[in-house]
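Please read them beside the sequence and the coordinates.

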Amino acid sequence: MTYTRKVLDRSLSTLVALLMAVLVVDVLWQVFTRFILGDPSSWTEEMARYLMIWVGLIGAAYAAGRRMHLSVDLLPGKLTGNRAHILRIVIESFVLIFALAALFAGGLRLVWVMLTLGQTSASLQLPLGYVYLAVPLSGLFIAWYAILDLMDEVNKLRNGNR
């Protein structure tokens with residue numbers, strides 16, 4: 001299980017770093033063409049927008065897997081022992097349900113609708129379904145992390161690890 005988490009962490013962090021590098025090059029090219037050449041590139045702003053979508057959603061999945069996401073830990077900080085494990089199981093169950101229902105299933109529907117309608121972006125002429133593919137992918141990754149966390153918490157509860 002820890003091997004699976006390490007592989008997923010490494011893959012997502014590499015993907016986010018690569019997307020960020022492409023985003024930086026894209027924005028630098030936009031600045032160069034606008035201020036140095038005096039003729040701004042027509043596609044760089046749109047590409048930066050789409051890269052930000054991917055960085056934000058895939059980065060959110062990575063943060064969720066590393067438990068670096070925003071949370072209110074007032075109640076979990078006060079609980080210990082089995083009660084803390086039960087609360088974490090409930091929380092991870094809600095995360096799993098949300099990731100599968102809203103992000104994965106809703107995201108797949110969004111991608112399907114965009115591809116069915118044949119909508120493309122203005123400058124890049126890229127099918128918008130590919131842009132929105134980041135939504136179900138991030139939902140899938142968040143769900144996978146939630147399953148791994150659920151399994152860890154159930155094992156801790158079963159084994160009496162406090």
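1. Among contacts in the protein between residues at least 6 apart in sequence, what percentage join residues at least 24 apart? The share is 73%, where a contact means heavy atoms within 4.5 Å.

2. On the basis of the notes: this is a predicted model, in which local features need pLDDT of at least 70 and side-chain atom pairs count only at pLDDT 80 or more, while totals for chains, interfaces and linings use all residues. Residues are numbered from 1 along each chain as its sequence is written, and side-chain values use heavy atoms, with hydrogens and water left out.

3. On the overall architecture: the protein has six helices and zero strands, so that its elements read α-α-α-α-α-α from the N terminus on, where helices (H or I, at least four residues) and strands (E, at least two) are DSSP runs numbered from the N terminus.

4. On overall dimensions: the radius of gyration of the protein is 20 Å, whereas a compact globule of 162 residues would have one near 15 Å; the radius is taken over C-alpha atoms, and the globule rule is 2.2 Å times the number of residues to the power 0.38. The C-alpha trace spans about 65 × 35 × 30 Å along its principal axes.

5. Of the 162 residues, 33% count as buried, the classes being buried under 20% relative accessible area, exposed over 50% and partly exposed in between (1.4 Å probe, protein chains only).

6. Thr44, in helix 2, counts as buried because its relative accessibility is 1%, and its side chain makes a polar contact with that of Gln30 at 2.4 Å. A polar contact here is a pair of N or O atoms within 3.5 Å; within protein, one must be able to donate a hydrogen and the other to accept it, and residues adjacent in sequence count only if both atoms are side-chain atoms. Leaving aside neighbours within four places in sequence, Thr44 is in contact with Asp26, Trp29 and Gln30.

7. Arg67, although not a glycine, has a positive phi of about 55°; Arg67 lies in the loop between helix 2 (44-65) and helix 3 (74-78) and counts as partly exposed because its relative accessibility is 40%. Gln125 likewise has a positive phi, near 55°, and lies in the loop between helix 4 and helix 5 (128-131), where Gln125 counts as exposed because its relative accessibility is 51%.

8. On helix 6 (residues 134-159): Leu137 is found in this helix and counts as partly exposed because its relative accessibility is 27%. Not counting residues up to four places away in sequence, Leu137 touches Trp54 and Ile58. From Leu137 to Asp152 the separation is 15 residues in sequence and 23 Å in space, C-alpha to C-alpha.
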